[in-house]
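This report goes through a protein structure part by part. Keep the sequence and the 3D view at hand while reading.

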Amino acid sequence: MKKIIFLLLVMSSLTLAAQKATLPGHMAKKISPDLFGIFFEDINYAADGGLYAELIQNRSFEYSPTDRKGWNSLTAWEYITEGFGYGKISVDSKSPVNENNPHYVILTIEDEGREGIGLRNSGFDGIVVKAGEKYDFSVFLRQLSDSPVLFEIKLKTPKGELIGETSFSTHSQEWKKYGATFTAAQSSDSASLYVMAKSKGKVAMDMVSLFPQKTFKGRSNGLRADLAQSIADLKPKFMRFPGGCLVHGDGVGNMYRWKNTIGPIEQRVDQKNIWGYHQSAGLGYFEFFQFCEDMGAKPLPVLPAAVSCQNSGGTWSIGGTGQKGIAMKDMPDYIQEVLDLIEWANGPVSSTWGAKRAEAGHPKPFNLEYIGIGNEDKITPEFRERFKLIYDAVKAKHPEVTVIGTVGPAPDGEDFDLGWKFASEEKVPMVDEHYYMDPKWFLKNGKRYDSYDRSKSKVYIGEYASWGNTLFNALSEAFYMTSLERNGDIVRLASYAPLLARAGHTQWNPDLIYFNATQVCPTANYYVQQLFSTNQGDLYYEDIVNCANDSLLAASCVTDRKSGDIILKIVNANKEPRNIPINLSRFKGINLKALCTTLSGAAEDKNSFEKPNVISPKTSQVKVGRKFVYNAPAMSLSVVRIKGYLK
Ligand code: AHR
């Protein structure tokens with residue numbers, strides 16, 4: 001009998017531990033200090049034509065019909081023969097600048113006429129320049145004729161007004177980089193670059209670049225400043241890159257291989273972007289890691305699990321069967337590639353790959369802590385075999401790095417179940433859950449992680465979003481995020497997806513930040529992410545905010561031990577205000593003046609380029625007390641921050 005009672009007691013306490021992530025009112029729970037981060041994928045022109053500040057489209061003449069039907073090496077370029085000049089243009093690949101970058105243009109100038117012959121590029125929907133700012137032009141040329149070829153480079157407005165110009169003559173029959181810096185004489189949102197040969201001869205041309213000097217933090221080969229700043233303003237604790245489906249690619253040959261994306265830009269490997277366009281790899285691993293460091297975010301690279309996307313060769317679907325694996329004979333090399341990344345990021349400059357990082361300008365290690373292996377892969381025997389080989393090798397050589405596994409593209413279903421089973425068997429420290437759902441799902445599933453088994457893998461919610469950018473969508477996410485804080489003991493990381501979308505070039509909606517050539521438009525969802533990520537804590541308290549009996553109210557209370565602040569987040573997804581009792585009496589001697597930042601409006605409100613500030617946070621001072629009632633506005637997220645309690 002005693003045995004049975006004992007067993008029952010053990011079973012009920014185990015069940016309780018597994019089912020309740022809650023705590024007695026007087027206790028604080030340690031939660032992940034890295035909880036809210038960002039997900040970057042080159043989707044919707046997020047990299048080229050987006051965050052990567054290069055102003056020339058198809059600078060290395062590598063566009064091709066593989067990227068998109070109808071595209072070729074001369075896409076985004078116009079052959080110009082004004083002023084009675086004539087000659088020939090062709091594309092060649094016999095002796096390129098680098099074998100990784102095979103295509104280049106040959107110009108044969110038979111008669112230069114008045115204006116010469118050459119090429120015009122208008123960037124991504126027009127080149128944007130600002131008066132007084134500096135732009136670095138460069139090009140690789142190889143003189144193929146005996147005589148030098150004179151070049152005139154001009155940046156012009158659509159009306160033909162001159163913004164900047166330079167000229168030089170070729171002087172080498174080998175590939176050579178020529179360059180100049182323009183100071184823009186006037187601003188334009190739709191300038192074009194003209195690269196004109198003005199004397200008879202023959203010349204090969206590649207890597208035509210125009211780069212603003214004013215990039216985020218002034219980095220060379222850097223990032224579009226306004227866009228990078230809006231991302232940095234999220235103060236993410238980590239950044240995942242380079243995707244998404246982009247990681248595992250459209251077939252084995254299209255996987256994202258990190259080594260192809262480092263080193264001098266003319267030596268990087270361009271390739272088809274799985275989202276139906278082209279990736280230059282100008283924004284590569286070095287730039288990703290540098291951006292993380294510049295924002296104070298931990299880098300979280302995701303590498304392919306040596307299998308391609310299950311939707312390879314087809315259209316996006318959850319059950320795709322086009323997955324292909326790297327041949328088993330090639331796996332040792334592939335595993336080495338994964339290990340080399342860790343050495344590249346963390347190794348000393350005396351190591352082979354650490355030396356390459358130093359060569360790129362970063363002798364100090366990047367302190368890589370997390371690495372994802374696989375993205376939403378179908379959990380097949382091929383996947384399992386390859387994942388295990390990679391995982392075992394990383395675990396053995398780098399136990400200090402947390403490996404994140406993958407559990408499919410949905411919050412449940414076959415790959416989710418099989419992925420979790422596999423991760424549990426292999427004791428993978430963390431898994432990457434993804435879900436894009438209706439806002440009502442987020443409102444209904446706030447208890448999802450309360451019953452997760454605390455002894456299993458930790459969770460990274462690598463991609464999530466409700467289907468839309470209205471305030472209601474954003475609040476449904478905020479509602480859910482309070483539950484992520486409550487479960488921050490097992491949900492270690494979470495990132496909304498996708499991050500960026502260039503208007504007119506989107507493959508996926510909704511996104512967190514929309515932009516065009518000149519404007520950046522953060523969504524309501526962005527402000528929710530920002531309010532959570534700039535108000536993270538590392539201790540969670542139960543039973544402070546009383547949301548009882550209202551399924552459209554949610555709240556959390558955390559403290560941040562660095563600032564010493566108490567932070568309350570209160571979500572009211574009702575169409576009317578609500579009075580919410582708050583009991584702070586467990587905190588003795590609190591500051592009675594607090595700051596309250598609120599996001600509110602009508603459920604269907606959303607930001608747009610025309611009206612960018614329909615939804616944006618407003619901050620005011622509020623009075624709090626040991627016990628007080630907070631009047632939460634209709635359709636709102638409120639963040640109440642009480643300064644310096646723990647100091
Ligand atoms: O975020 C957009 C896509 O959604 C990602 O590439 C993929 O991982 C998911 O299916």
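Helices and strands here are DSSP runs, numbered from the N terminus; a helix has at least four residues and a strand at least two. The model is predicted.

## Two residues with positive phi

Phe84 is placed in the loop between β3 (77–80) and β4 (86–92). Its phi is near 65°, a positive value in a residue other than glycine. Exposed means over 50% relative accessible area. Phe84 has a relative accessible area of 72%, so Phe84 is exposed.

Asp125 also has a positive phi without being a glycine, with a value near 60°. Asp125 sits in the loop between β6 (117–121) and β7 (127–129).

## Two cis peptide bonds

The peptide bond that joins Gly243 and Gly244 is cis, with omega about 15°. Gly244 belongs to the loop between β14 (238–241) and α3 (245–248).

Another cis peptide bond joins Asn509 and Pro510, and its omega is about 0°. Pro510 lies in the loop between β23 and β24. Strand β23 covers residues 500–502 and strand β24 covers residues 513–515.

## Two buried strand residues

Phe151 is part of strand β9, which covers residues 150–156. Buried means under 20% relative accessible area. The value for Phe151 is 0%, so Phe151 is buried. Leaving aside neighbours within four places in sequence, Phe151 is in contact with Leu141, Thr166, Ser167, Phe168, Thr170, Val195, Met196, Ala197, Val203 and Met205. Phe151 and Gly118 are 33 residues apart in sequence, while their C-alpha atoms are 9.1 Å apart in space.

Asn273 is found in strand β15, residues 271–273. Asn273 has a relative accessible area of 0% and is therefore buried.

## Helix α2

Helix α2 covers residues 225–232, and its buried residues are Leu227, Ala228, Ser230, Ile231 and Ala232. What do the buried residues of α2 pack against? Their partners are the strands β2 (36–39), β23, β24 and β25 (520–522), together with the helices α4 and α11 (524–533).

## Helix α6

In helix α6, residues 352–359, the buried residues are Trp353, Gly354 and Arg357. Seen down the axis of α6, these buried residues fall within an arc of 105°, so they line one face of the helix.

Thr352 and Glu359 are exposed, and they are on the face of α6 turned away from its buried side. After α6 comes Gly361, which has a positive phi, near 110°.

## Helices α5 and α7

Helix α5 packs with helix α7, residues 381–397, at an angle of about 40°, and their axes are 10 Å apart. Angles under 35 degrees would count as roughly parallel, and 65 to 115 as roughly perpendicular. The two helices α5 and α7 are therefore oblique to each other. The crossing in which α5 passes α7 is right-handed.

On the α5 side, the contact is made by Met331, Tyr334, Ile335, Val338, Leu339 and Ile342. The α7 side supplies Arg386, Leu389, Ile390, Ala393, Val394 and Lys397. Sorted by class, this contact of α5 with α7 has 10 nonpolar and 2 charged residues, and no polar ones.

## Helices α10 and α11

Helix α10, residues 471–486, packs with α11 at an angle of about 25°, with the axes 8 Å apart. Are these helices roughly parallel or oblique to each other? Angles under 35 degrees count as roughly parallel, and α10 and α11 are therefore roughly parallel. Here α10 passes α11 in a right-handed crossing.

Leu471, Asn473, Ala474, Glu477, Ala478, Met481, Thr482 and Glu485 are the α10 residues in the contact. They meet Ala524, Asn525, Val528, Gln529 and Phe532 of α11. The residues of this contact of α10 with α11 divide into 7 nonpolar, 4 polar and 2 charged.

Note on methods: Residues are numbered from 1 along each chain as its sequence is written. This is a predicted model: local features need pLDDT of at least 70, side-chain atom pairs count only at pLDDT 80 or more; totals for chains, interfaces and linings use all residues. Side-chain values use heavy atoms; hydrogens and water are left out. Buried means under 20% relative accessible area, exposed over 50%, partly exposed in between (1.4 Å probe, protein chains only). The arc is that of the directions from the helix axis to the C-beta atoms. Axes are lines fitted to C-alpha atoms, for helices over the stretch in contact, and angles run from 0 to 180 degrees between N-to-C directions. Angles under 35 degrees count as roughly parallel, over 145 as roughly antiparallel, 65 to 115 as roughly perpendicular and the rest as oblique. A crossing is left-handed if the near helix is turned anticlockwise from the far one by less than a right angle, and right-handed if clockwise. Contact means heavy atoms within 4.5 Å. Ala, Val, Leu, Ile, Met, Phe, Trp, Tyr, Cys and Pro count as nonpolar, Asp, Glu, Lys and Arg as charged, and the others, Gly among them, as polar.
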